[in-house]
Amino acid sequence: MEPLERTLDDIEAAEPQRETMLVNIGPSHPCTHGTVRIVVEIDGESIQRADVQVGFLHRGFEKMAERGTWAQVFPYVDRCNYVSPLLNNFGYALACEKLLGIQVPERCVYYRMVLSELARMVDHLTCTGAMVMELAAFTPFLWMMKGRDMVYDIFEEETGARVTHSFGRIGGVAKPPSRGFKENVAAVVVKLLEIVDEVKRLLYGTRVFLDRVENVGVMAAEDAISLGWTGPTLRACGVPYDVRRAHPYLAYDQVEFDVPVGQAGDCYDRFAVRLEEVIQSARIIEQCLERLPDEGPVCVDDPRVVLPPKDKVYTTIEATIQHFKLIMEGLKMPAGEVYSYTEAGNGELGFYIVSDGSGTPYRVRIRPPCFLITGGLEHLITGAMVPDIVPCFGSLNMIGGECDR
Amino acid sequence: MAQALIELLQTKFADAVQETHAMRGDETVVVDPTRWLEIARCLRDDDQAQMSVLVDLTAVDFPDRDPRFEVVAHFHSLGLGHRLRLKAKVGKPDGSGAQIASLTSLWASANWLERECYDMLGVQFSGHPDLRRILLYPEFEGHPLRKDYPAHRTQPLVPYREAENIEKLPPFGPDEGMPFGRRWRDWVPEEDDADELLGGSKGQH
């Protein structure tokens, strides 16, 4: 072995110049549960610049929506946020109902609310579960997936599908609640709350988890507002804006619930706000189940809007014609434009729809909450460390289908 | 409540407001596109308006009209709780000249929203710091949400991209993952070994 003859000065002189390095994360990376490409320029471990590139899941839904009837948009909105499709379904249905100027019956209102809140619970459980899984806590993820599956069983019973339901209808829902709906939901909600409680007890006392999320990815409230953040990510920054509270739709003004807010706006707050919202959703469900009537229509009584019952279609000529016209020509929307917004899993989900008075949408603009939230990722990770990308990205809950449409 | 906003704009920018309506309670103001930035700034800073959020920005294509595109922005005031839709009509019927001022200096959310609007409809936002495609790839031809873009149109096959400093982008080449000082070039396999290791034809009997 050669003797080490170099002095310390020699070594310092020989040290290469600091040079930044480009590192490419994604578009399909095991630590990002979504197709997003993050190109970061790093100096050592710290991120100097970041470029977040989305669009890998772009399927052109807004273009496709201009080619069918208004009712045929439902399957597309299903596939936007595929973690909570019912929220998208009802959001789009509400936008069309706003343009038509109709109100759905009470039974439908509460039925939609129960299903919406279940979908929101699923959304939050999936997001928080995936986030902690990427931080190597696999157990909570499995517990939460178990809870998600229970809710999916209910969805399957109600809608016939586990994930992409296409259950919303303009002017109502596809089917009335099944028998035993209330009992099933009440039983599952108790189980979900147990899971949340267990996850909290496991994670909130774990140093390994807290060190990864506390004071990591801090977002100031004014920056979040300027970036157009909504939903749990905005509330984690301390802004108590919830569409359900600020601009109530369905019957959210008649139920009691709290809007949990964070303080620091870090990854921990975003995680905690989502878990708290699961508990609030359970409160809403409990109140809605009490008020959900057992009898009554779930669709508006308007033959121009709602499909006739199938037994009538097969036996009477009037219903056959009505069915034919609604399917072939589509429901005729009044010409005009509306912007309707609801609180989806990630925040304000808006639909800006323009109608030219025909049976085909002229323009369906989906305002996805997580497109703008992902737009803030660059701000969040610039100056942070490479491993911080994982909790930051996880806590934003970017859903590729919704972000890219 | 937002009716007061329409009146505010009408008094402040009397010559710029082209039309107003409030269909289904959505107050809408159509303004002169050359005053777009100025009006948006007023909406953000005025005490009566306080539009803290740019909720959405998009455009709608009307190929039979002149100007052809409607740029549509939705604003929301977190403090006062009201909303307003602001529209401006831009572009010639052949699709050119669709240009409007960028709102990125006022709201950070305008950055991605305007990029998407440019990507999908080809509206140019002057003053945008980084106006490139966001949902589609750079070689994409045309703007798919324009009504004259046929839905069945196919795009040309994209060749491998010419990128500068490509040797610095990952993957880093045959040395990637090797410890420093143990480069694979250092190790030159014997001729017989190489055939066997690399699956040559010699050893296949």
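I take two strands to pair if DSSP finds at least two bridges between them, and I apply this to a model that is predicted.

**Chain B, the sheet.** With that in hand I looked up L57(B), and I found that it stands opposite A73(B) in β4(B). The strands β3(B) and β4 (residues 69-76) of chain B pair in the antiparallel sense, over eight bridges. I then followed the whole sheet, which is open and is formed by five strands in the order β1-β2-β5-β4-β3 of chain B, with mixed pairing. Its edge strands are β1 (17-23) and β3 (53-61) of chain B, each of which pairs on one side only. Ignoring direction, I noted that neighbouring strands are turned against each other by 20° on average.

**Chain B, the helices on the sheet.** I next checked helix α2 (residues 36-45) of chain B, which lies across β2 (26-31), β4 and β5 (83-90) of chain B and runs at about 175° to β5(B). Helix α3 (residues 110-121) of chain B also packs on the sheet, where I see it touching β3 and β4 of chain B, and its direction makes about 10° with that of β3(B).

**Chain A, a helix pair.** Among the residues making the contact I list L118(A), M121(A) and L125(A) of α5(A), and F141(A), M144(A) and R148(A) of α6(A). Sorted by kind, the residues of this contact divide into 14 nonpolar, four polar and one charged.

Conventions:
Residues are numbered from 1 along each chain as its sequence is written. Chains are lettered from A and ligands numbered from 1 in the order in which they are written. This is a predicted model: local features need pLDDT of at least 70, side-chain atom pairs count only at pLDDT 80 or more; totals for chains, interfaces and linings use all residues. Two residues are in contact if their C-beta atoms, placed from the backbone, lie within 7 Å. Helices (H or I, at least four residues) and strands (E, at least two) are DSSP runs, numbered from the N terminus. Ala, Val, Leu, Ile, Met, Phe, Trp, Tyr, Cys and Pro count as nonpolar, Asp, Glu, Lys and Arg as charged, and the others, Gly among them, as polar. Axes are lines fitted to C-alpha atoms, for helices over the stretch in contact, and angles run from 0 to 180 degrees between N-to-C directions.
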